[in-house]
Amino acid sequence: MIIYGASGQGKVVLSSLSEEVKLFIDDNEALDVFCGLEVSMYDSSLHAEQLLIIAIGDNIVRKRISEKVTHKFGVVVSKDALVNDTVEIGNGCQLLHSSVVQVDCKIGSHTIINTNSSIDHDCVISDFVHIAPGVTLCGNVSIGEGALIGAGSVVLPGIRVGAWCTIGAGSVVTKDIPDNSLAYGNPCRIIK
């Protein structure tokens with residue numbers, strides 16, 4: 001496995017993997033070593049047989065990198081994550097430490113389900129979403145492409161959070177949130 005992103009998210013992904021990591025890729029030319037592993041600029045011929053995971057928390061940056069990388073993408077499921085056998089997981093996803101994903105959920109490509117998050121039954125999470133640590137998505141929740149659900153937030157059953165929304169940390173989402181919104185609070189209110 002190759003990890004693209006020599007930073008905090010890269011450390012978390014590295015600690016979640018049971019397989020050998022060959023190297024880190026990063027756009028910072030000044031980095032030579034990270035977590036005891038070689039750091040290199042991206043080169044499509046470098047370890048071309050290896051799967052790659054983009055360990056960058058910023059959804060827009062993760063999407064941009066996924067469009068230029070030619071390696072095949074892997075999936076990271078932490079050894080202590082609980083993922084039901086019926087869950088559909090897209091390429092490039094990260095299901096990290098102590099996360100729980102229940103029956104019949106669909107998780108889009110390059111999505112991060114971060115530490116200690118709980119995703120209940122029948123949720124649909126689109127591509128390039130970041131579910132921050134400690135988030136709870138109740139049953140039948142829908143999350144649009146590129147949305148960020150802030151740490152410790154709760155999204156109540158059947159709610160839809162639109163594409164490219166940001167939900168502030170600690171929010172309780174009780175109503176649908178339209179695309180491209182910034183919202184936070186308890187109850188969650190649209191700010192812009």
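Which residue in E5 does Tyr4 stand opposite? Tyr4 faces Ile54 in that strand, and the two strands concerned, E1 and E5, run parallel and are joined by 3 bridges. Please keep in mind throughout that this is a predicted model.

**The five-stranded sheet**

- The strands E3-E4-E2-E1-E5, in that order, form an open sheet of 5 strands in which the pairing is mixed.
- Strands E3 and E5 are at the edges of this sheet, and because each has a single partner strand, one side of each is left without a neighbour in the sheet.

**The eight-stranded sheet**

- A further open sheet has 8 strands, arranged as E6-E9-E12-E15-E18-E21-E23-E24, and its pairing is also mixed.
- Its edges are held by strand E6 (76–77) and strand E24 (189–190), each of which has a single partner strand, so that one side of each lacks a neighbour in the sheet.
- Within this order, strand E21 (residues 166–167) pairs with strand E23 (residues 182–184) in the parallel sense over 2 bridges, and Ile167 stands opposite Ala183 in E23.

**Helix H2 and what it packs against**

- In helix H2 (residues 59–68) the buried residues are Asn59, Arg62, Ile65 and Ser66.
- When the helix is viewed down its axis, these buried residues of H2 fall within an arc of 125°, and they therefore line one face of the helix.
- Ile60, Arg64 and Glu67, by contrast, are exposed on the other side of H2.
- The buried residues of H2 pack against several strands, including strand E1 (2–4) and strand E5 (52–54), as well as strand E9 (94–95), strand E12 (112–113), strand E15 (130–131) and strand E18 (148–149).
- The N-terminal end of H2 is capped by Asp58, a side-chain oxygen of which lies 3.0 Å from the backbone nitrogen of Ile60.

**Aromatic pairs**

- The structure holds 2 aromatic pairs; in one of them, Phe24 and Phe34 have ring centres 5.0 Å apart and planes at 90°, so this pair is edge-to-face.
- Because Phe24 lies in strand E2 (residues 23–25) and Phe34 in strand E3 (residues 33–34), the pair ties together parts that are 10 residues apart in sequence.
- Both Phe24 and Phe34 are buried.

**Nonpolar cores**

- The largest nonpolar core has 28 residues, and the members that touch the most other members are Ile119, Leu137, Ile143 and Val161.
- Leaving aside neighbours within four places in sequence, Ile143 is in contact with Val124, Ile125, Ser126, Val129, Leu137, Ile149 and Val161.
- Another core, of 15 residues, lies apart from the largest one, and among its members are Ala6, Val21, Leu37 and Ile112.

**Ser15 and its contacts**

- Ser15 belongs to helix H1 (residues 8–16) and is partly exposed, with a relative accessible area of 39%.
- Not counting residues up to four places away in sequence, Ser15 touches Lys79 and His97.
- Although Ser15 and His97 are 82 residues apart along the chain, their C-alpha atoms are separated by 8.8 Å.

Terms used
Residues numbered from 1 in each chain as written. Predicted model: local features only at pLDDT ≥ 70, side-chain atom pairs only at ≥ 80, totals over all residues. Heavy atoms only, no water. Pairing = 2+ DSSP bridges. Helix = DSSP H or I, 4+ residues; strand = E, 2+ residues; numbered from the N terminus. Phe/Tyr/Trp six-rings, centres within 6.5 Å; stacked < 30°, edge-to-face > 60°. Buried < 20%, exposed > 50% of the residue type's maximum accessible area, 1.4 Å probe, protein only. Arc of directions from axis to C-beta. Contact = heavy atoms within 4.5 Å. Polar contact = N/O pair within 3.5 Å; in protein donor to acceptor, adjacent residues only side chain to side chain. Core = buried A, V, L, I, M, F, W, Y, C linked by side-chain atoms within 4.5 Å.
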